[in-house]
Amino acid sequence: MGNIWKEFVLNGCRALDLTDENGFLCGKILADLGVDLIKVERPGGDPSRRRGPFWADVPHPEKSLYWFAYNSNKRGITLNIEADDGQRILKELVKTADFIIESSPPGFMDSLGLGYSTLNSIKKGIILTSITPFGQVGPYKDYQTSDIVTMGMSGILYQTGDPNRPPVNISIPQACLHAGADAAVGTMIAYYHREMTGEGQQVDISMQQSAAWFLANAVPLWELSGVILKRAGAFRWSVNSTQRQVWQCQDGYVFFFMVGGRAGAKTFHELVSWMDGEGMANEYLRSIDWENLDMFKVSQDVVDQISRPIEKFFFSHTKKEIARGAAERSISICPLSSMADLLNDAQLESRNFWVEIEHPELNTRITYPREFVKSSEKVCATRFRAPLIGEHNEEIYGEIGLSKKDLAALKQAGII
Amino acid sequence: MEARSGVFSGIKIAGFGWAIVGPLTMKYFADYGATVIRVETSKRPCTLRISAPYKDDKPGLDRSGYFNHFSANMLSLALNMEHPQALEVARRLVAESDVVMDNFTPGVMEGWGLGYEELKKVKPDIIMLRQSGFGPWGPYAQQPAFGMILAAMAGLPNFIGWPDGGPLPVGVSAYTDCISPRFAAAALIAALDYRNKTGKGQLLDLSQFETTLYFIMPAILEYISSGREPARVGNSHPHAAPYGVYPCKGDDRWCTIAVFSDEQWASLCQVMGRTEYIDDLRFSTLLSRKQNEDEINELISGWTINFAPEEVMDKMQSAGVPAGVVKNAADIYDDPQLRQHNLFWPLNHPDMGLFTHLGQGFELSKTPAQAHMPSPRLGEHTEYVCTEILGMTDKEFVELVGAGIFE
């Protein structure tokens, strides 16, 4: 790829990404930081390409939007690593790599003779990052799962939903993203160690554990108070009251929650004066000492009295009016964004967040996030779309000395 | 104090952030050997220090379970930045640091004279990592960043709820607070490596709002492609049935079951002892199961309600059917898998007693995360940092104590 890599922070590193959908985000983050990321798919394409939604609603392995979302900045090759020739070729590629990222069931890489010790003997200092639902060891390691199962096992699902209904899962898969992002950090820590010492190692990522890593105060609340945090639906639960968090407005929903004490006082003051300006505050709201409002002690009656005029106020406004008013006052109230809102969001526009990337095969450009970090030194931008099936076979296999003739033979044999 | 070993041994981070996003980012470094110094003040303490639950229900800056759960391995320097002499101490800290971390609302650091340009004058190769809610400029830049609000701003509640109800927040408050730190930590390690190789520091700017959008990207692409906004679908899945949360024996006990293939359906029927459903035309194929999903869900609920969720999980998993306990906080606390992977670190804390500190979400085979010490009391390491790291004489330190800057 020549000079282009010089532009990026992790200039000169290469990763082989053997993951399925459970691991895409890891490689995406590394690729954005400048790693030469090679997505290794089975011949015919990764099964995750069958996952919808699809471009123009046409189910096709080259049109999976899930694939597009998390594989930009990666080049792609096909390789059957279960065949002897495929393993031989993979080992040649390993010699050129710094990282291997994979998401096969525990023990699978070993069973192919591609376990860590073999890889490390081929390329000293190699880093092997494995992303699995429950990690490489432990009583659940071979459990079958899906996002809803993993999210249930992580503690997030139990706390989400209405109190009088079953817990409800976030319908867009999340466990794979927590794991993928965590895997990028784990891989980078291992990389830093290797740069210091020359020593490589294995990084064991468990989707359950990455998702369970952040449960806010649920675990200490159980340990210290014996209280299990429950679902509170559109409300927020505290010891003596529940407080509304989701409010209706004219054309959608507004999110606002009552924060007590100094942290929330500014928002309350500004909100009440905003309401006052429109004749919608009342004497009760004006009389409250917001600095000393303790949300853990406040009674349901007080919460309800505060809520009623606020409810009316939000209901009389549109999402846009509320967003603008909150921004002008620098207070923490916001409408629920639709996908259309996000694509037209003023903040994202001022940050130059979206970028259009060419998809010549679809004869179009598609909007992606430009970069997750702005660096004063280097650019970490989305540069090119996700690879087609085997798009870079010639280019990458050429580097390790395979001729066009070899490639033709390998294709016939179902290796690439 | 003994020297730390570990991957980031010798790296010093001056942490001006508070609440969750900054500290959680620093945690990756503290747990792998970096010296992470949290600059705090009792004049305006970290919001977590004044958040419940407290040890024995008694509030106190060093007694919050929320703060202490997340802050293992970090040092605390009490420094009141509003004091006129504090800036000089902060500058000395910056001079000794590799990284300055900031997740305050934009403008706070600049107001103290600690903006990136100022930091560079003190330490030319400094790396400054900023993570505010919305980024340092733009119309929302000055809005406070609460995770629940950011999640709504990023559209997440569109994906949570039932077809007959409204959008719901993620149950874990501040859900987005764990998203940005991962992107930030990966970028920061890359920046450290880059500095080691080129001698150049840099400013890294992440927005919590922006990183959260990576967690819904397929839906944004779907809207671009088809104009379709997400619909609330409860627990149903477009390509699987049964798929959902089912009631179990006990108070508010639930299990999940996810069936993607006809083989898994057959296995599930066998586990339930209802083999007649395997070839029943209403249920035998994915399409027929999707068509009769409500009926299937009722059938399964009628069976699962007789068992504890652990029993359902064991029976289904033994038959190769994806299923699990919907774990509450008590279940997570005792989870054998998470325990084996060292998610939790029981550490003795002077105010909390033996208390569960959070470990790491993943494991490295040769350089494991270290449970080196419990979360710091506010200002616990002020003297150590000033004399051992900043090189103050005892006399100098005592004078500054007298001036009241370490509060």
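I began with burial: 54% of the 416 residues in chain A are buried. I note here that the model is predicted.

**Overall form of chain A**

I looked up the extent next. The C-alpha atoms of chain A fill a box of roughly 85 × 50 × 45 Å along the principal axes. For secondary structure I found 17 helices and 14 strands in chain A. Then I checked how far apart in sequence the contacts reach. Of the contacts in chain A with a separation of 6 or more, 68% join residues 24 or more positions apart.

**Domains**

Domain 1 is written as 2–213 + 351–412. Domain 2 is 227–343. I looked up the distance between the C-alpha centres of the two domains of chain A, and it is 41 Å. How many residues of domain 1 of chain A are in contact with domain 2 of chain A? I got eight from domain 1, against six residues of domain 2. By class, the domain 1 side of that contact has three nonpolar, four polar and one charged residues.

**Contact between chains A and B**

I moved on to the two chains. Chain A puts 118 residues into the contact, and chain B puts in 121. Which helix of chain A gives the largest share of the side that touches chain B? I found helix H7 of chain A, residues 175–197, with twelve residues. I also sorted the chain A side by class: 71 nonpolar, 35 polar and twelve charged residues.

Strand S6 of chain A (residues 202–206) pairs with strand S12 of chain B (residues 362–364). The sense is antiparallel, over three bridges. I noted one position: A:Val203 stands opposite B:Leu364 in S12 of chain B.

**Nonpolar core**

Last, I went to the core. As background, nonpolar side chains tend to be buried together in soluble globular proteins. The largest nonpolar core here has 257 residues. Which residues have the most contacts inside this core? I found B:Ala186 and B:Leu188. H7 of chain A gives the most to the core, with 13 residues.

I followed up B:Ala186, setting aside its neighbours within four places in sequence. Its contacts are then A:Ile29, A:Leu33, A:Ala184, A:Val185 and A:Met188.

How values were computed. Residues are numbered from 1 along each chain as its sequence is written. Chains are lettered from A and ligands numbered from 1 in the order in which they are written. This is a predicted model: local features need pLDDT of at least 70, side-chain atom pairs count only at pLDDT 80 or more; totals for chains, interfaces and linings use all residues. Domain bounds come from an automatic or database domain assignment. Two residues are in contact if their C-beta atoms, placed from the backbone, lie within 7 Å. Ala, Val, Leu, Ile, Met, Phe, Trp, Tyr, Cys and Pro count as nonpolar, Asp, Glu, Lys and Arg as charged, and the others, Gly among them, as polar. Helices (H or I, at least four residues) and strands (E, at least two) are DSSP runs, numbered from the N terminus. Two strands pair if DSSP finds at least two bridges between them. A nonpolar core is a set of buried Ala, Val, Leu, Ile, Met, Phe, Trp, Tyr and Cys residues joined through C-beta atoms within 7 Å. A residue is buried if 20 or more other C-beta atoms lie within 10 Å of its own, exposed if 12 or fewer, and partly exposed in between; C-beta atoms are placed from the backbone.
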